[in-house]
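Q: Let us read a model together, one feature at a time. Please show the sequence and the structure.

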Amino acid sequence: MANARRPADPPPPGHTSGDPAKRENRIVLDVAIGYLDDQIKELLIQDPEVRSGSPEAVHDMRSATRRLRSALEIYGHLFEASPRRSLAHELKWLAKALGRSRDAEVVRERLRDRIEELPAKWRTEVLVESLERGLSDALDAGHRRVGKALKSRRYRRQVEDLERFRDDPPTREPARRPAGTEVAASVNDQARIVDRAYRAMVRTVPGHDRDVALHRLRKDTKRLLHAAESAAGIHPKRAATLARRARRLQKILGNHQDSVMTRAFLASLVAEPSLREETRTACKKILKREEGIARSAARQYARARRTSGALRLRR
């Protein structure tokens, strides 16, 4: 497995030379492979930190796997279907392995904030211990799962396949097209996917269906953010504007998804027969607060869409 070291001042994802002449001469394959290369390097940088138990490294490695999957989807038409789908499938497995401990960490930090919002009489040691115990179990299970995944032959083979794909990409004819127009088209295709997901979300009623639709919208918006990042070396100013808009929307949707996970944990805890009644009551108060956050997410997103400008990479 190749070793990589973090540069002293790493460039942003998708960064390339700002020389306009060099940008004009590039083909779209250069952009796609450049973005993939950035994320492969990031994955390898985070590998030893994840093995040592760093929560932030787990987050960063998971983000790199998501960006790799996004690139394979956004620029999928450049590559032969079978090897691309195989890589995407394996990256999904890795992201899932990384996800359990990271999600538990997010919920723990969120619940610590919610406890601070409670009136003093509900902020008891019993409440804190009950929440921490359940999440510690999830964190421990997640860390074991991550460690097992990174020690596996499957992971080693995945890294080798990623490097092989990067160094000798199985391309199709569109890969040779000029980067300027083709990158913009690929980014805007993703923007249209976000628009469809938004319209589908608006048609749902609050509750489970709305949560599912917002989750879909969140994933599509995140992919749009990654698409904009990948275009930074070809359309610097326009890509930066689009990325800023997508990031703002993604923050709202991410807060909603964190609330979904937190509510699921609280609901399971409240259902435990052995839970003390005062602790159950405090958990229900936090749950009600989280339900309010979830209900407001769609409204917040709609307001942000109205004020954020067009989600397009203008050519």
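Q: Is His-226 buried or exposed?
A: Buried means under 20% relative accessible area, exposed means over 50%, and partly exposed lies in between, with a 1.4 Å probe and protein chains only. His-226 has 4% relative accessibility, so His-226 counts as buried. Keep in mind that this is a predicted model: local features need pLDDT of at least 70, side-chain atom pairs count only at pLDDT 80 or more, and totals for chains, interfaces and linings use all residues. Residues are numbered from 1 along each chain as its sequence is written, and side-chain values use heavy atoms, with hydrogens and water left out.

Q: Where does His-226 lie, and which residues does His-226 touch?
A: Elements first: helices (H or I, at least four residues) and strands (E, at least two) are DSSP runs, numbered from the N terminus. His-226 lies in helix 8, residues 208-230. A contact means heavy atoms within 4.5 Å. Leaving aside residues up to four places away in sequence, His-226 touches Tyr-35, Arg-66, Arg-67, Ser-70 and Ile-74.

Q: How many helices and strands does the protein have?
A: The protein has 10 helices and 0 strands. Read from the N terminus, the order is α-α-α-α-α-α-α-α-α-α. The radius of gyration is 21 Å, close to the 20 Å that the globule rule gives for 315 residues, so the protein is as compact as a globular protein of that length. That radius is taken over C-alpha atoms, and the rule is 2.2 Å times the number of residues to the power 0.38. Along the principal axes, the C-alpha atoms fill a box of roughly 70 × 45 × 35 Å.

Q: What is the accessible surface of the protein?
A: Accessible areas come from the Shrake-Rupley method with a 1.4 Å probe; for residues, only the protein chains shown count as cover. Here the surface comes to about 16,300 Å². Carbon and sulfur atoms hold 49% of that surface.

Q: How many positive and negative charges are there, and how far apart are their mean positions?
A: Lys and Arg count as positive, Asp and Glu as negative; His and the chain ends are not counted. The place of a charge is NZ of Lys, CZ of Arg, CG of Asp or CD of Glu. This protein has 69 positive and 44 negative charges, and their mean positions are 5 Å apart.

Q: How many aromatic pairs does the structure hold?
A: Rings of Phe, Tyr and Trp (its six-membered ring) pair if their centres lie within 6.5 Å; planes under 30 degrees apart count as stacked, over 60 as edge-to-face and the rest as tilted. The structure holds 2 aromatic pairs. One of them is Tyr-198 with Tyr-301, a tilted pair at 5.3 Å centre to centre, with 55 degrees between the planes. This pair links distant parts of the chain: Tyr-198 is in helix 7 (residues 179-202), Tyr-301 is in helix 10 (residues 277-308), and they are 103 residues apart. Both Tyr-198 and Tyr-301 are buried.

Q: Where is Val-107, and which residues does Val-107 touch?
A: Val-107 sits in helix 4, residues 81-117. Its relative accessibility is 4%, so Val-107 counts as buried. Not counting residues up to four places away in sequence, Val-107 touches Leu-135, Met-261, Thr-262 and Phe-265.

Q: Where does Ser-54 lie?
A: Ser-54 lies in the loop between helix 2 (28-51) and helix 3 (55-74). Its relative accessible area is 21%, so Ser-54 is partly exposed.
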